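Let's take a friendly walk through this model together. Please have the sequence and the 3D view ready.

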Amino acid sequence: MENLELDTTQVKKMLGKHKAKMKFYLGMCAHCSLCAESCFLFNSHDNDPKYMPSYKFINSLGTLYKKKGRIKQETVEEIKANIWERCALCTRCYCPFGIDIPSMIALARSIMRSQGVYPQYDEEKAHPLAE
């Protein structure tokens, strides 16, 4: 991926619309890892902490919020992996404190999509038998 500079004004605006909810959820997370038990990706990847729903939420939307959208390319790539490669957005993740993790990951996806950061579709890889 080419070097991408995020439009921090747009990112701040999108974050601002959900600031109270994000701040509340980020502060409420007890890092108890109970959400991990409900995540099939976490379970199917040998309990890799990067697949825990709370990790994905904190290290995507939490990072954008904390840095106000001013992030480096490697952070963009990590966020991209957290919200698309490590999350199916199946909405099965359960937080005992009531954090709506799927909605926060969906918000992170919206923000990153607005900046042109999303998975690219490769037709040849998607249809390996088609010739």
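How far is the sulfur of Cys-90 from the closest cysteine sulfur, and in which residue does that sulfur lie? The closest one belongs to Cys-93, and at 6.3 Å it is too far for a bond.

Before going further, a word on the ground rules. This is a predicted model, in which local features need pLDDT of at least 70 and side-chain atom pairs count only at pLDDT 80 or more, while totals for chains, interfaces and linings use all residues. Residues are numbered from 1 along each chain as its sequence is written, and side-chain values use heavy atoms, with hydrogens and water left out.

**Cysteines**

With a disulfide taken as a pair of cysteine sulfur atoms within 2.5 Å, the structure holds zero disulfides. Cys-93 is in no disulfide, its nearest cysteine sulfur being that of Cys-90. Cys-90 counts as partly exposed, at 31% relative accessibility; here buried means under 20% relative accessible area, exposed over 50%, and partly exposed in between (1.4 Å probe, protein chains only).

**Helix 1 and its cover**

Helices are DSSP runs (H or I, at least four residues), numbered from the N terminus. Helix 1 spans residues 8-16, and its buried residues are Val-11, Met-14 and Leu-15. These cover an arc of only 100 degrees around the axis, so they sit on the same side of helix 1; the arc is that of the directions from the helix axis to the C-beta atoms. Thr-9 and Lys-13 are exposed residues on the face turned away from that buried side. Among the elements covering the buried residues of helix 1 are helix 2 (19-28), helix 5 (61-67) and helix 7 (101-114), where contact means heavy atoms within 4.5 Å.

**Nonpolar cores**

In soluble globular proteins, nonpolar side chains tend to be buried together. A nonpolar core is a set of buried Ala, Val, Leu, Ile, Met, Phe, Trp, Tyr and Cys residues joined through side-chain atoms within 4.5 Å. The largest such core has 27 residues, and the members touching the most others are Leu-61, Leu-64, Ile-111 and Met-112. At least two residues of this core come from each of helix 1, helix 2, helix 5, helix 6 (73-85) and helix 7. Helix 7 gives the most, with seven residues.

Which residues does Met-112 contact, leaving aside neighbours within four places in sequence? The partners of Met-112 are Leu-64, Val-76, Ile-79, Ile-83, Trp-84 and Val-117.

Ser-54 is found in helix 4 (residues 53-58). Beyond neighbours within four places in sequence, Ser-54 is in contact with Cys-29, Cys-35 and Ile-101.

Lys-80 belongs to helix 6. Not counting residues up to four places away in sequence, Lys-80 touches Glu-85, Val-117, Tyr-118 and Pro-119. Lys-80 and Met-22 are 58 residues apart in sequence, and their C-alpha atoms are 19 Å apart in space.

Pro-96 lies in the loop between helix 6 and helix 7. With residues up to four places away in sequence set aside, Pro-96 touches Cys-32 and Leu-34. A separation of 16 Å lies between the C-alpha atoms of Pro-96 and Ile-58, which are 38 residues apart along the chain.

| Residue | Relative accessibility | Class |
|---|---|---|
| Ser-54 | 8% | buried |
| Lys-80 | 14% | buried |
| Pro-96 | 35% | partly exposed |
| Phe-24 | 53% | exposed |
| Tyr-25 | 11% | buried |
| Glu-78 | 26% | partly exposed |
| Arg-86 | 12% | buried |

**Side-chain pairs**

Rings of Phe, Tyr and Trp (its six-membered ring) pair if their centres lie within 6.5 Å; planes under 30 degrees apart count as stacked, over 60 as edge-to-face and the rest as tilted. The count by this rule is one aromatic pair. Phe-24 and Tyr-25 have ring centres 6.1 Å apart and planes at 40 degrees, so the pair is tilted.

A salt bridge is a side-chain nitrogen of Lys or Arg within 4 Å of a carboxyl oxygen of Asp or Glu, and the count comes to one. What joins in it? The side chains of Glu-78 and Arg-86 meet there, at 2.8 Å from N to O.
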